[in-house]
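Let's walk through this structure together, one element at a time. Keep the 3D view open as you read.

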Amino acid sequence: MQTLKEYVETLSHSSDKRIQKFRFQERNYWLKQLEKRQGKLWFIKTRSAADSLKREIKALLTLQGKDIPVSPVVLYSATYMVLEDTGEPLNQYLLQETLSDKERLFVLTQAAQALAHLHTQGLCHGRPALRDITWDGEKIHFIDLENFPHKKITHKQCMYDLLIFIHALYRGRVSTLLSNTLIEKVILAYRQAGGEAIWQSARNLCRRHRWLYSLLWFARHRGGPNNDLRPIRKVFELFYKY
């Protein structure tokens, strides 16, 4: 009988897809391979593809060992890693038309509390956008940890984590389904789960950069929910309410 490793080796050699879902012995997995960089990616990304993959594997194994909800690493090599399937990314899951506001609030509250728990452990994700958080129907998991800082993690890095998470709530198609009241409840859940000090730091940062909000206000009619201008302005407005 073919082993999982044998199946993955065959799959990785026969497919150029960087990330793909597959099924083996009635279980779902994700295969992530080295990124094949072309054009501007060579200049935008400072680390080699091999180094980025190595760092992400190390991050996942580190957090796994600290009982942080990340997608478990099943197999890995210098050119790929295999993760257990932990559900849909939130930026896709929350778009389901059958979901009620109450259900969206519950899932996002779970995500906010998981992020706060990560921060109270002196850890951070590096880029906790909704596409990098999954929901399997019972539990939140963090994925895509290429930006995980392996050196000493600072309070400031956790603060930026929070800002990225809030920004994601105001960005893309998901933002059209989330009311301001719902978002405020999600952020309150983060604060009550141990994130108050980080929240206050983010609030102070936004207040010190009020001049930036003024510039964004003049550009308020440019850029829809898929553009970063509107979401950044919304983040400022959220903090100014408190």
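A word on the ground rules comes first. This is a predicted model, in which local features need pLDDT of at least 70 and side-chain atom pairs count only at pLDDT 80 or more, while totals for chains, interfaces and linings use all residues. Residues are numbered from 1 along each chain as its sequence is written, and side-chain values use heavy atoms, with hydrogens and water left out. Helices (H or I, at least four residues) and strands (E, at least two) are DSSP runs, numbered from the N terminus.

Let's start with strand β1 (residues 19-24) and strand β2 (residues 27-33), which run antiparallel and are joined by 6 bridges. Two strands are said to pair if DSSP finds at least two bridges between them. Within this pair, Gln-20 faces Leu-31 of β2. The two strands make a hairpin with 2 residues between them, and Gln-25 in the turn has a positive phi of about 50 degrees.

Now follow β2 to its other partner. Strand β4 (residues 80-84) runs antiparallel to β2, with 5 bridges joining them, and here Tyr-29 stands opposite Glu-84. β4 also pairs with strand β3 (residues 73-76), in the antiparallel sense and over 3 bridges. Leu-75 has Val-82 in β4 as its bridge partner, and a hairpin of 3 residues links β3 to β4. As you look along these strands, keep in mind that in a regular strand the side chains alternate between the two faces of the sheet.

Next comes an open sheet of 3 strands, in the order β5-β6-β7 and with antiparallel pairing. Its edge strands are β5 (88-89) and β7 (140-142), each of which pairs on one side only. β5 is joined to strand β6 (residues 133-135) by 2 bridges, and Glu-88 has Trp-135 in β6 as its bridge partner. Helix α5 lies across β6 and β7, running at about 50 degrees to β7; such angles run from 0 to 180 degrees between N-to-C directions, and axes are lines fitted to C-alpha atoms, for helices over the stretch in contact.

What sits in α5? Thr-109 belongs to this helix (residues 101-120). Thr-109 counts as buried because its relative accessibility is 16%, where buried means under 20% relative accessible area, exposed over 50%, and partly exposed in between (1.4 Å probe, protein chains only). A polar atom of the Thr-109 side chain lies 2.7 Å from the backbone oxygen of Leu-105. Leaving aside residues up to four places away in sequence, Thr-109 touches Val-186 and Ala-189, contact meaning heavy atoms within 4.5 Å.

On to a helix pair: helix α7 (residues 180-208) packs with helix α9 (residues 229-240) at an angle of about 100 degrees, with axes 10 Å apart. That makes α7 roughly perpendicular to α9, a label used for angles of 65 to 115 degrees. Residues that meet there include Trp-199 and Cys-206 in α7, and Phe-236 and Phe-239 in α9.

Our last stop is Asn-147, in the loop between β7 and α6 (155-169). With 39% relative accessibility, Asn-147 counts as partly exposed. Asn-147 touches His-125, Gly-126 and Arg-127, not counting residues up to four places away in sequence. Asn-147 and Ala-59 are 88 residues apart in sequence, and their C-alpha atoms are 9.1 Å apart in space.

Notes. Polar contact = N/O pair within 3.5 Å; in protein donor to acceptor, adjacent residues only side chain to side chain. Parallel < 35°, antiparallel > 145°, perpendicular 65-115°, else oblique.
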